[in-house]
Amino acid sequence: MAVMDRVRTVSQTEQPGSGGTRAKKGATGLGVLLALLATVVWSGSFVATRGMADSIPPVQAVFWRWTIATVAVAPFAARQAWRQRALIREHFGYIALATLFGVTLYNTLVHQAGLTTSASNMGMIMAASPVVMALYARIGGERLGARRTFGLALAALGVLLLVGKGSIRFDFAAGDLWMFGAAVSFATYSALLKRKPAELGGLAFLITTFVLGALMLAPAYAVSVRLQGGFHVTPSTAGMLLYVGVFSSAVAFFAWNKAVSMIGAARAGVVYYLQPVCVAGLGLLLIGETTGPAQLLCMALILGGVGLGARR
């Protein structure tokens, strides 16, 4: 995937504005759309996660999330994973590290945060993760450019004002701190995606991380059941688990991984700044939360930063 995006045969006579340039712009546009798809779907998962907080213990919710995701993606990915089993064994250390940050830690921290903070705060704080992504990219030698840097700063300011309710001040609950940990974990995962071996198929990588993530969580799941007991399966809990398992895990992670391979973690991360806007919109539609003038101004800053940061 990444090699196909990086390696292009360009003839010496090709002029600016030719088919090669249009193809590159098309790939960039598709990458931005995939990052946006993942962001919107993940925004809904914060609402679902908050809804599960009182009925499903966090570790149990995350374990079943990845079990369901594995079942959902298996018909499309199992054959590729079997064909590439030698590659998976060869790069197992890298895959395990990506799984730890992107599957096991990130989602456990998100569900833990849902116990003591709102869905809106979860979405707002997660919007801080692109700052870490950009720092990783800069450390790795990627030039962000003045326009993208300014867009990143503008969006960051919008997030800070949004969290501070119109001023740069902080009064975080314990769940907010868990979400900051989740933001760093997700940014680390996105940075690791850039190092994914090009010969390892996207679907094979995806299902391997899902299976490995569920296995990593299995001991903690057993302890949780032992100490906290299980949970009652109702239409509501089943529906939320299916959403986070199929859409927020299988669909969104595939879209995000593909987007990062096409446009890089830093640019995909800028699109991710739309998360608090999406969460606020879903909050209005699903639970009737209203948005005041100060919040609208902050969202305008976020959207403006996204628009600048998504361009070269």
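Helices α5 and α9 are roughly antiparallel to each other, because angles over 145 degrees count as roughly antiparallel, under 35 as roughly parallel, 65 to 115 as roughly perpendicular and the rest as oblique. This is a predicted model: local features need pLDDT of at least 70, side-chain atom pairs count only at pLDDT 80 or more, and totals for chains, interfaces and linings use all residues. Residues are numbered from 1 along each chain as its sequence is written, and side-chain values use heavy atoms, leaving out hydrogens and water.

**α5 and α9**
- Helix α5 covers residues 92–113 and helix α9 covers residues 174–193. Helices are DSSP runs (H or I, at least four residues), numbered from the N terminus.
- Their axes come within 8 Å and cross at roughly 160 degrees. Axes are lines fitted to C-alpha atoms, for helices over the stretch in contact, and angles run from 0 to 180 degrees between N-to-C directions.
- α5 passes α9 in a left-handed crossing. Left-handed means the near helix is turned anticlockwise from the far one by less than a right angle; right-handed means clockwise.
- The contact (heavy atoms within 4.5 Å) includes Leu-97, Phe-101 and Leu-105 of α5 and Trp-178, Ala-182 and Phe-186 of α9.
- By class, this contact has 16 nonpolar, 6 polar and no charged residues. Ala, Val, Leu, Ile, Met, Phe, Trp, Tyr, Cys and Pro count as nonpolar, Asp, Glu, Lys and Arg as charged, and the others, Gly among them, as polar.

**α3 and α11**
- Helix α3 (residues 58–83) packs against α11 at an angle of about 60 degrees, with the axes 8 Å apart.
- The two helices are therefore oblique to each other.
- α3 passes α11 in a right-handed crossing.
- Among the contact residues are Trp-64, Arg-65 and Ile-68 of α3 and Leu-241, Val-244 and Phe-253 of α11.
- The contact residues divide into 12 nonpolar, 3 polar and 1 charged.

**α10 and α11**
- α10 and helix α11 (residues 235–263) pack at about 135 degrees, with their axes 11 Å apart.
- That makes α10 oblique to α11.
- α10 passes α11 in a right-handed crossing.
- The contact includes Phe-205 and Phe-210 of α10 and Phe-254 and Asn-257 of α11.
- It divides into 7 nonpolar, 2 polar and no charged residues.

**Along α10**
- A kink of about 40 degrees lies at Ala-218, shortly before the proline Pro-219. The bend is the angle between axes fitted to the seven residues ending at a residue and the seven starting there.
- Just after α10, Gly-229 takes a positive phi of about 80 degrees.
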